[in-house]
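Reader: Please take a close look at one part of this model, the sheet and the helices beside it. I would like the geometry with the cut-offs spelled out.

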Amino acid sequence: MVFSKKGRVGDICMLLSFDVDCSLRSNAGNTAFDYAEQDNQTEAAEIIKKHMDKTFTYSEEEQILLDKYSSNVDTELIDCVLIEQLLRRICSDSNDGAILVFLPGWDDINRTRERLLASPYFKDSSKFVIISLHSMIPSVEQKKVFKRPPPGCRKIILSTNIAETSVTIEDVVYVLDSGKMKEKSYDPYNNVSTLHSSWISKASAKQREGRAGRCQPGICYHLYSKLRAASLPDFQVPEIKRMPIEELCLQVKLIDPSCKIEDFLQKTLDPPVYETIHNAIVILQDIGALSPDEKLTDLGEKLGSLPVHPLTSKMLFLSILLNCLDPALTLACASDYRDPFLLPMLPTEKKKATAAKSELASFYGGSGDQLAVIAAFECWKKAKEKGEEAWFCSKYFISSSTMRMIAGMRKQLEAELARHGFIQEDAPRCSLNDQDPGILHAVLVAGLYPMVGRLLPHGQRSLVETVNGNKVRLHPSSTNVKLSLKKSSPQTLIIFDEITRGDGGLYIRNCSVIGSLPLLLLATEIVVAPGNENNDEDDESEYEDDSDEDKDEGCDLPNSQRGEKIMSSPENSVKVVVDRWLPFESTAIDVAQIYCLRERLSAAILFKITHPRKPLPEHLGASLYAIACILSYDGMAGISLPLEPVDSLATMVSAADISRENHNNHYPKSTLMHQNSASNYQRGNARSYE
């Protein structure tokens with residue numbers, strides 16, 4: 001009724017597909033149809049009326065069978081028993097013709113395959129060949145669906161909706177349509193992605209039906225009732241209504257800087273809901289692309305000039321400044337295309353695939369799915385040069401076709417950066433620090449913030465606490481899924497790409513462990529309160545707020561009386577709270593250093609995007625050098641427990657004093673790469689930073 005009153009057609013169609021009772025009335029005596037009519041929601045009213053007017057007649061025997069089946073089986077789940085029995089009936093009644101079974105996802109394919117292989121009827125490989133078809137399996141396995149089996153052998157294909165339109169299998173005669181598909185969507189009210197099994201549209205059902213006998217007469221079996229079929233939406237919900245729209249909102253402002261984004265998008269054929277637009281605007285404001293009054297900033301104009309998500313654009317700009325471009329290019333292209341890791345075909349290969357991914361991540365000195373992607377691409381390039389591409393992809397469960405696509409996308413993105421002047425075509429690669437864990441963490445935070453969480457002990461596995469207080473589990477495919485914490489161990493921060501709500505609840509698929517300093521430098525807001533020794537109570541009213549918007553050019557701290565008391569002595573213990581939920585304990589001098597470095601980093605990014613072909617001013621170059629040094633020192637230190645001291649930034653910045661000589665005597669080998677950069681910053685002729 002609520003959806004009818006608001007005219008949310010997509011949600012109405014979804015509920016109708018669940019066989020909701022349209023005759024139910026509210027306390028006021030109105031039905032959903034009445035509310036739609038009262039609020040002039042014409043389209044919603046027509047859909048509900050059309051659904052209510054449909055009548056379905058079953059014979060008495062059919063109705064009894066349908067009622068009996070519905071009472072014993074959950075029709076929202078895939079019935080592997082029914083599929084097995086129907087396959088057996090088809091194979092008994094006919095002698096040839098491949099059978100195509102449409103299933104929602106990989107788990108359903110595996111369950112059905114295991115049931116068939118366990119059946120005495122189907123386990124004979126000379127009579128039946130059972131093939132799985134999924135976008136994330138090796139291409140060698142995918143090509144098997146096109147091969148005709150020998151005479152006397154029947155081919156059974158278990159596939160996702162990839163077989164709806166992407167491929168034509170000529171010998172398919174029979175199709176079993178489960179009526180389900182895995183669909184990725186976006187829940188703007190909880191700000192999470194969703195990936196769960198949902199009912200297909202009528203258009204998809206017709207496509208699946210058309211796969212039966214594509215090149216000869218065929219039969220399609222729809223494994224759902226006539227009522228369910230009539231309740232299916234005509235078409236899939238448009239992407240603008242089921243995906244985040246930050247990139248679209250930024251493009252709207254580039255087209256018409258004076259317009260309001262919401263007013264512009266309400267004119268589209270299928271406008272997104274208000275919450276989706278609001279969430280997108282908040283993210284764009286957090287990263288500095290839009291001002292608080294929704295004006296396009298200089299940074300926003302440059303972020304929108306690249307053909308990637310605004311957060312990815314900001315990551316690329318920071319990676320150029322920190323001399324870590326190669327990993328950022330790989331992450332940008334992989335996130336825009338797909339994960340290069342393949343699904344193991346056999347249950348016995350799952351552990352091998354997990355170990356292979358963890359081994360790749362360890363090449364970059366840490367635990368992280370993003371680090372594994374970076375390492376996979378670099379190792380693939382070297383293996384390809386040596387003629388060992390096939391061996392490498394087989395050993396590490398890598399898709400060579402995905403890697404080739406990513407390589408091509410990298411070249412295009414690099415050309416775009418050069419065209420806009422952010423890098424020079426004839427300059428050395430801006431990737432001297434591509435092996436530095438601390439700097440890599442900063443690049444990750446720039447590209448994924450504000451998706452930050454902290455690991456909480458939970459038995460043998462850990463849960464992730466997010467900014468809104470949700471407790472989310474890690475997906476089994478993540479390299480960090482077995483990352484458990486002892487009571488004496490420091491709590492750990494992770495950065496992740498998205499929270500997904502699947503059939504089994506909320507989970508995070510891709511995440512990496514990060515240190516504290518990248519977050520302190522790149523977070524939207526940090527606030528300061530007295531340390532425990534000054535005040536035992538966590539009173540948010542006592543925080544000294546110092547977001548990026550409030551700092552002036554001279555990095556002056558708040559001058560209120562309480563602020564002066566907190567910051568009066570460099571050694572005073574203070575509590576630093578990131579984004580009002582992640583507390584750390586530090587000293588006043590360290591907090592002052594953080595504020596100044598945050599201000600200088602923002603100024604350097606702004607200078608870079610407004611003057612892409614000019615070298616950085618000396619003071620900004622020196623500050624970036626200091627930032628690179630302390631990030632390198634931070635490395636894999638991880639994050640401290642809340643209210644645990646962080647490493648002394650004052651000590652780090654002093655060690656990185658570029659005015660002193662003999663830097664080589666002060667730094668570990670991993671930070672020596674920054675020193676030449678510092679002198680180049682001062683001379684203003686370092687091409688890789690220009």
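Author: Five strands form an open sheet in the order β2-β3-β1-β4-β7, with parallel pairing; two strands pair if DSSP finds at least two bridges between them. Helices (H or I, at least four residues) and strands (E, at least two) are DSSP runs, numbered from the N terminus. The model is predicted: local features need pLDDT of at least 70, side-chain atom pairs count only at pLDDT 80 or more, and totals for chains, interfaces and linings use all residues. Residues are numbered from 1 along each chain as its sequence is written, and side-chain values use heavy atoms, with hydrogens and water left out.

At the edges of the sheet are β2 (128-133) and β7 (219-222), each pairing on one side only. Direction ignored, neighbouring strands are turned by 15° against each other on average. Axes here are lines fitted to C-alpha atoms, for helices over the stretch in contact, and angles run from 0 to 180 degrees between N-to-C directions. Strands β1 (residues 98-102) and β4 (residues 172-177) are joined in the parallel sense over five bridges, and Val101 stands opposite Leu176 in β4.

Helix α7 lies across β2 and β3 (154-159) and runs at about 170° to β2. Helix α6 (residues 80-93) packs on α7 (residues 106-118) at about 50°, with the axes 10 Å apart. α6 is therefore oblique to α7 (angles under 35 degrees count as roughly parallel, over 145 as roughly antiparallel, 65 to 115 as roughly perpendicular and the rest as oblique). Contact, meaning heavy atoms within 4.5 Å, involves Cys80, Val81, Ile83, Glu84 and Leu87 of α6 and Arg111, Thr112, Arg115 and Leu116 of α7.
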